[in-house]
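User: I'd like to learn how to read helix packing and a chain interface. Could you walk me through an example?

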Amino acid sequence: MSAKTLYDKLWDSHLVQQRDDGSALIYIDLQLLHEVTSPQAFEGLRMAGRKPWRISSSLATPDHNVPTTKEERVFGVDGIADPVSKIQVTTLDDNCNEFGITEFNMKDIRQGIVHVVGPEQGATLPGMTVVCGDSHTSTHGAFGALAHGIGTSEVEHVLATQCLVQKKSRNMLVRVDGELSSWVSAKDVVLAIIGAIGTAGGTGYAIEFGGTGIQSLSMEGRMTVCNMAIEAGARVGLIAVDDTTIDYVKGRPYAPKGEHWDMAISAWKDLVSDKDAQFDEVVVLKAEDIKPQVTWGTSPEMVIAIDEAIPRAEDQTDPVKKEGYARAWKYMGLKGKTTLADITLDRVFIGSCTNSRIEDLRIAADVVKGRKVASTLKQAIVVPGSGLVKAQAEKEGLHIIFEAAGLEWREPGCSMCLAMNADKLGAGEHCASTSNRNFEGRQGFGGRTHLVSPAMAAAAAIAGHFVDVNELVKH
Amino acid sequence: MRPFTKHTGLAAPLDLANVDTDMIIPKQFLKSIKRTGFGKNLFDELRYEDEGQPDQECDGRPLRKDFILNQARYTGASVLLARQNFGCGSSREHAPWALDDYGFRSVIAPSFADIFYNNCFKNGLLPIVLEAEEIDQLFAEVTAREGAQVVVDLEAQTVTSPSGAEFTFLVDNFRKHCLLNGLDDIGLTLQEDSAIRRYEEKRMNAAPWLFLSREQ
């Protein structure tokens, strides 16, 4: 038998039917649902008189629309001021009740961002296929699971058939060799990768991330890397299973127990690419070369290290790049600025499915401890990824550190990552954000987003502008 | 789903690379629980001067005059010419819903983001990949003459430019079949239910922990 990549193995173990035209029917083990991309799917089921194929394969929680202030959250759904958002969240509750799907609603401590909740509960397991109507579903690939985002028609398709019609992607390996420098995190690694291959570099590929720079990451860090595979154009990001994976999963509420656990871990040990497996594309980065990263423009590939000059449109030779850079310079209001430190920040956001897990919050707290947020800042908020992350952080006293430094401590949700709730940027405002997209208008109409790691966001909050966290912590 | 066979229509050239799904339909409009009504907010931030709100009437809103779809000559356009990596970003199907609701039947670009490309086929909207030089020629021809029409023939897998130049494109057989006949692919998959059940039985033996019911 020929050597297989991890992606090949996951594909083969979920193949229901191979069709002559190259498409295939793939079985789906877990579907995560949230309020934004599911209502039309449930409506479709109802209109066709169909029932979900296997209810236990679904898990739902509202995240995109939920408010994050304590005052609003004590009232549950009723605390949502925006009537349109409220209908959407209520609709998820109603649909889950009607179809018998397990939901962590707004009053449940397990509620949170789907991509934080799935792994936290052990609902996401190695070797699974995982889908969700959200492109950041690639997050779950950190567990050696085949996970990707789908549209609402496919959400309905999976509910009704437990399958998806798919075409196999090509295999790409992105290897990060060596040891990461101090204060350089998973977020810097993935931003550097996107900077190297571009936002369409992974289109048509499943990317496996490997090498010592990846293997040394915690599960939280691995999730951050896989989360942003889609920002490199790849629907799927993957990391091989090892002891770090298994230790994380063990004992979680939905993780297998007893005899099942023993069976599972012996099966999971095979979830690595074979030694001689062939990749269609291999990209290698040196961990030592990666410095703290900051995006300067309106696409995640418009990223530089903290000590680099902001690239100018006139220096670009590729006409498409030149035009894109010119547009980004204008939108971001960079005229007269040459370095990242020249940008005065208005807000700081620490949160999102990329960086709202306990490790992220610990790092940010470490940086702001005993310091004060710059007086020039309008707002700095910390939004934990789930109710359980929030509880853990409070147990460790992190909220006290944040509040003492002048950051707001919020309730869990997607929040300012895409500003579907009340947390958003005003026109022209610059934000240091630990989220995943810096598109025009993403965090609010006319808002200007700079993507960074939790450590760099925390350092920026203290300084009021971007600064190498290594420099900040020295003083 | 509405079938797509052959379409002749006015083409609008959107000369911008990496058009993301936030540009196609900004997040505030994703709060709807319906599939329709997104057309008036298609490209909302590129199209209007002000910030759009869900359920807002759009007729009186100030327009960005330089935006292509606001030019009178492109009123009624049903084919969108675009640049590389069109539809990058989120998985929101609201993006093809908005394009379809506005009146577009086809988007032609040198490359698309995967999820967006896939979502189009579920909604009777045909995404077509052509070579960069072919796209350049279409942009030039469509811009040169007002009212220039493009013919998209899915059966023949061709795009015919206003001057009569014919370009061929590739499309998956299964997707082509579904689109030509307006087929509901859930119905098609359910015809294979015995294969799905067979797979489940086999899998249940190998990995029983995947099939446990969830305690609430």
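This is a predicted model: local features need pLDDT of at least 70, side-chain atom pairs count only at pLDDT 80 or more; totals for chains, interfaces and linings use all residues.

User: What angle do their axes make, and how far apart are the axes?

Analyst: The general idea first: two packed helices are described by the angle between their axes and the distance between the axes. Here, α13 of chain A (residues 358-368) packs against α14 of chain A (residues 387-395) at an angle of about 40°, and the axes lie 10 Å apart.

User: Which residues meet there?

Analyst: From α13(A) come Ile358(A), Leu361(A) and Arg362(A), and they meet Val389(A), Gln392(A) and Ala393(A) of α14(A). By class, the residues of this contact are four nonpolar, one polar and one charged.

User: Now the chains. How many residues does each chain bring to the contact?

Analyst: Chain A contributes 82 residues and chain B contributes 66 residues. Between them the two chains bury about 6100 Å², with 56% of that on carbon and sulfur atoms. On the chain A side, the residues losing the most area to chain B are Gln40(A), Trp53(A) and Phe445(A), together 12% of what that side buries.

User: How many salt bridges are there between chain A and chain B?

Analyst: For a salt bridge, look for a side-chain nitrogen of Lys or Arg within 4 Å of a carboxyl oxygen of Asp or Glu. The count between chain A and chain B is eight. One pair to look at is Lys167(A) with Asp172(B), at 2.7 Å from N to O.

User: Which helix gives the largest share of the side of chain A that touches chain B?

Analyst: That is α6 of chain A (residues 152-161), with seven residues. By class, this side of chain A has 33 nonpolar, 32 polar and 17 charged residues.

Methods:
Residues are numbered from 1 along each chain as its sequence is written. Chains are lettered from A and ligands numbered from 1 in the order in which they are written. Side-chain values use heavy atoms; hydrogens and water are left out. Axes are lines fitted to C-alpha atoms, for helices over the stretch in contact, and angles run from 0 to 180 degrees between N-to-C directions. Helices (H or I, at least four residues) and strands (E, at least two) are DSSP runs, numbered from the N terminus. Contact means heavy atoms within 4.5 Å. Ala, Val, Leu, Ile, Met, Phe, Trp, Tyr, Cys and Pro count as nonpolar, Asp, Glu, Lys and Arg as charged, and the others, Gly among them, as polar. Buried area is the accessible area (1.4 Å probe) that two parts lose on being put together, summed over both.
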